[in-house]
Amino acid sequence: MTVWRKIKAVVDRVLGEEGRAGNLREDELRLAAAALLVHASEIDGHVDPEERKTLKALLKSRFAIDDDELRKILKEAEVWEHDSVDLYGFTSVLCRELDQEGRQRIVEMLWEIVLADGVLHEFESNLVWRASELLGVSTHDRVRLRKLVESRA
């Protein structure tokens, strides 16, 4: 399934369920954030239960969604993430829809995912660095956010 078909499927789902355009930008934002976070939870080749638990909690709290909506978003995000060849598809949506503070929150969420299991793999660290660059989050802010997340652990 191509990226365009996935986006069309999201649009069709929203139109079918709500009978109107709804907030497609919010749906696209949630899907892009979820796909990026799914990627972070899987990049080291092992999906740790603590990372998965953190992923679900972050999505539920950030987007104020219930368990049913979470399952739908995760299902769509996993398909999009597995079919993607790079991070640009996710980060371009996030850059378009979020201000600097929102982008920093995404980087903070990435740190929360990759540090959830207590082990920072080099692939995870590299992912946060690449995503931060694509999101326009400075090195200073990326490091500050890592320290913030580590201090809460």
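Visitor: Is G89 buried, partly exposed or exposed?
Guide: The model is predicted, with local features needing pLDDT of at least 70, side-chain atom pairs counted only at pLDDT 80 or more, and totals for chains, interfaces and linings using all residues. Residues are numbered from 1 along each chain as its sequence is written, and side-chain values use heavy atoms, leaving out hydrogens and water. Buried means under 20% relative accessible area, exposed over 50% and partly exposed in between, with a 1.4 Å probe and protein chains only. G89 has a relative accessibility of 26%, so its class is partly exposed.

Visitor: What distance separates the C-alpha atoms of G89 and A35?
Guide: G89 is placed in helix 5; helices (H or I, at least four residues) and strands (E, at least two) are DSSP runs, numbered from the N terminus. Along the chain, G89 and A35 are 54 residues apart, while the separation of their C-alpha atoms is 9.6 Å.

Visitor: How many helices and strands does the protein have?
Guide: Read along the sequence, the pattern is α-α-α-α-α-α-α-α. The count is eight helices and zero strands.

Visitor: What share of contacts between residues at least 6 apart in sequence joins residues at least 24 apart?
Guide: Contact means heavy atoms within 4.5 Å. Among the protein's contacts between residues at least 6 apart, the share joining residues at least 24 apart is 73%.

Visitor: Which residues of the largest nonpolar core touch the most other members?
Guide: A nonpolar core is a set of buried Ala, Val, Leu, Ile, Met, Phe, Trp, Tyr and Cys residues joined through side-chain atoms within 4.5 Å. The largest such core has 41 residues, and those touching the most other members are L36, L59, L94, I106 and W111.

Visitor: Which helix gives the most residues to this core?
Guide: Among the 41 core residues, L36 and L59 are two of those with the most contacts to other members. Helix 2 (24-42), helix 3 (49-63), helix 4 (67-83), helix 5 (88-97), helix 6 (100-114), helix 7 (122-135) and helix 8 (139-152) each supply at least two residues. The helix that gives the most, with 10 residues, is helix 2.

Visitor: Which residues does L94 contact, leaving aside neighbours within four places in sequence?
Guide: L94 is one of the core residues that touch the most other members. With neighbours within four places left aside, the contacts of L94 are L29, A32, A33, L36, R103, I106 and L135.

Visitor: How many of the 15 residues of helix 6 are buried?
Guide: Helix 6 spans 21 Å from its first C-alpha to its last, close to the expected 21 Å, where the expected span is 1.5 Å times one less than the number of residues. Its cover includes helix 2, helix 3, helix 5, helix 7 and helix 8. The buried residues include G102, I106, W111 and V114. Helix 6 is mostly covered, and the number buried is 12.

Visitor: How are helix 6 and helix 7 oriented, roughly parallel or roughly antiparallel?
Guide: Axes are lines fitted to C-alpha atoms, for helices over the stretch in contact, with angles from 0 to 180 degrees between N-to-C directions. The two axes lie 10 Å apart at an angle of about 175°. Angles under 35 degrees count as roughly parallel, over 145 as roughly antiparallel, 65 to 115 as roughly perpendicular and the rest as oblique. The orientation of helix 6 to helix 7 is therefore roughly antiparallel.

Visitor: What is the relative accessible area of S132?
Guide: S132 lies in helix 7 and is among the residues where that helix meets helix 6. Not counting residues up to four places away, S132 touches V107, V137 and R142. S132 is buried, and its relative accessible area is 0%.

Visitor: How far apart are the closest N and O atoms of E28 and R96?
Guide: A salt bridge is a side-chain nitrogen of Lys or Arg within 4 Å of a carboxyl oxygen of Asp or Glu. By this rule the count is 14. E28 in helix 2 and R96 in helix 5 are 68 residues apart and link distant parts of the chain. The closest N and O atoms of this salt bridge are separated by 2.5 Å.
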